[in-house]
4 protein chains.
Amino acid sequence: MAKTQTRRKDTSQRIQDTALELFLEHGYEKTSLREIAERLDVTKAALYYHFKTKEDIVLSLLDRLGTSFDELIAWAEGEPPTLETRRELLRRLNEVLADGASLFRFLQENQAALRDMRPGEDFKERMKSLGGLMADPEADMVGCIRSVSALFTVYFGGFALTDMEGTMEEKRAALLQVADEMLTAAHARETG
Amino acid sequence: MAKTQTRRKDTSQRIQDTALELFLEHGYEKTSLREIAERLDVTKAALYYHFKTKEDIVLSLLDRLGTSFDELIAWAEGEPPTLETRRELLRRLNEVLADGASLFRFLQENQAALRDMRPGEDFKERMKSLGGLMADPEADMVGCIRSVSALFTVYFGGFALTDMEGTMEEKRAALLQVADEMLTAAHARETG
Amino acid sequence: MAKTQTRRKDTSQRIQDTALELFLEHGYEKTSLREIAERLDVTKAALYYHFKTKEDIVLSLLDRLGTSFDELIAWAEGEPPTLETRRELLRRLNEVLADGASLFRFLQENQAALRDMRPGEDFKERMKSLGGLMADPEADMVGCIRSVSALFTVYFGGFALTDMEGTMEEKRAALLQVADEMLTAAHARETG
Amino acid sequence: MAKTQTRRKDTSQRIQDTALELFLEHGYEKTSLREIAERLDVTKAALYYHFKTKEDIVLSLLDRLGTSFDELIAWAEGEPPTLETRRELLRRLNEVLADGASLFRFLQENQAALRDMRPGEDFKERMKSLGGLMADPEADMVGCIRSVSALFTVYFGGFALTDMEGTMEEKRAALLQVADEMLTAAHARETG
DNA sequence: GATGAATGAGTGTTCATTCAT
DNA sequence: CATGAATGAACACTCATTCAT
């Protein structure tokens, strides 16, 4: 009795979900508001009641991600720049990526479309920060790349290994392990 | 008197160049044929004299890339699957990437837009082939990933390190060196 | 304790005021109910509690004007058609115009928009009546125009002299004086 | 054989004509490009081949008017500021108004809609210039208004006397005559 | 008295594409 | 080789309006 429409959740939420779904299917630009509305069985105008523009929908989607990312960076900046911190950073990054997998895929596949929207820029910035946190400040170019490569493994591996056999959990675990090895090896060279 | 229009190169070529230029600036979907035509100072209809559709322009651009890639794969498949082959493969891939840098960036940033065009599919396929050639057929998941990570480093490093200081040549060389180390280390473990 | 909300006047009144304000700023067609509601800090639906349609708001605004106008005409029709009556008519018209200045400006600037609404038609009608009352019934075309021109001066002068220096009161007084002269001169010719 | 389509004149011209026709019938805002296109039996997109925006259509319409007006002002500014000049100015203005009658009516009835477009502003400016040229620079407010009223008669009389009996030519002639009298009378007082 | 959610019909505008010349 | 003129389909977005609560 508490709710008249048990299934309907929040409409804004449903719009976000369906939008992401379609953005992943056909890409951001090729997904029209008409399609989103039709799949939700509401009118286009209803979308505009909940979001000011199409861009707004995507912004609302990426908000969640941005926050997780920022927290991750904030945490790492508060820790001493040791190997241990970096290993933990990789571990946590892996979790964030796993949680927001489809959003990250959307981000990755639609870079051109999102480029001149706020969060396109923002995520570039954040990746740079992460990169900076991975490498020893005194490392030379090769040294830097050794560490940053670990980040690539965790980050791009998630997209690139879609067709590899095995569950996503297994693959993520394996990627993390390899990245961890890389980080450790890089550290050994540096201090060796 | 040999040529009436010394400067004009081939018009088809100029269209391709300008198109790529604009695709990189604003993305494939947001670049209209009108824009391309205007920047070339011809009419839209003129483009249709040289290319059947907008998609055709992008296909013609990616043709060159596809060929290099296929040759690379064909070469590697003809060699014994040794560490040395894989190191050479990485070296050659690096060259192909350097040569077609802007095309690869275009490919990377417009995945969603190109997804349901021929070459989108094709390049996915080719990347899988390359992945397969990098890893020992008997390696387990982690083993595979160790080798494939070297590929990630060379491939994604090119995009991700744009803002890093240093010339692109230096960075590519460093990426290749690190990837080579990774490959060697992976091999050592495997045979270790 | 007599009123719970001392400041709020009547909401209907506030809607009318804000609507007129916005109609004058951007014009009737370009003013949306959303804007009116936002400036009043209520919802669009609230407007519909007080007025049946957007047109209704404008009708309610012009009602006051229409009445003054009709009274003016009724008065003049009850008087003998002498010069003195016409001079007084001009004087009274000037007052009505001064009182409803912003409404008249609205009417004037939005003729096209109001054309197929009731009051658009009505005001045209009323202006014709006024015109008829100004001129001697036996006057020829030029004679008519001499008298009606006095009316133009009072009526259009109010809009056209906005940027002239001086207060609105001064300008209105001057306009009335000139119109009065015109009327008298016209009469002199007629009876001369 | 010279022309394949004898009747078609210039399409741009036909668009302008039809647009003005409809703007006068329903007002600028209430006339949609769909309507214009339908009445011309072309597609909306065809309009966009000839004019960049809806606003552009109206600008192109008013261009002609603006020029006549500017020439008129330029002429008057080059003459000595005598009564004779002003009488001639009125005569010429009357002609310009007669020629562009429907455009002026459009301008007059759609002030609100045109307000924040270029020519809305421009025409206000031009009317002020004309006003300045009518009156003696040394005249006081009432003196000014006496002269400017002559201008009102010619200008607004054209719109206000639509329903009066008589041909438009007759009415325009009568309006001009009365305005001329007013000017002369005003001058007499000034120099009297 | 007023709101939150939604609708249906429209708007101006842009796009890839075509074709006679 | 290339253009001028046009099209059909779509798009993002806005509006006045409704109605259950």
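The report below looks at an interface and then at a pocket.

## Ground rules

This is a predicted model, in which local features need pLDDT of at least 70, side-chain atom pairs count only at pLDDT 80 or more, and totals for chains, interfaces and linings use all residues. Residues are numbered from 1 along each chain as its sequence is written, chains are lettered from A and ligands numbered from 1 in the order in which they are written, and side-chain values use heavy atoms, leaving out hydrogens and water.

## Where chains A and B meet

Chain B and chain A each bring 40 residues to their contact (heavy atoms within 4.5 Å). Together they bury about 3300 Å², with 62% of it on carbon and sulfur atoms; buried area is the accessible area (1.4 Å probe) that two parts lose on being put together, summed over both. B:Glu109, B:Met141 and B:Ile145 supply 17% of what chain B buries here, more than any other three residues.

There are 10 salt bridges between the two chains (a side-chain nitrogen of Lys or Arg within 4 Å of a carboxyl oxygen of Asp or Glu). One of them joins A:Asp163 to B:Lys128 at 3.8 Å, N to O.

## The largest pocket

Now to the largest pocket, which is lined by 45 residues (on a 1 Å grid over the protein atoms alone, a pocket is an open set of points where a 1.4 Å probe fits, with protein on both sides within 12 Å along at least five of seven lines, and lining residues have an atom within 4 Å of a point). Lying nearest its centre are C:Phe159, C:Ala160, C:Leu161, C:Thr162 and C:Asp163.
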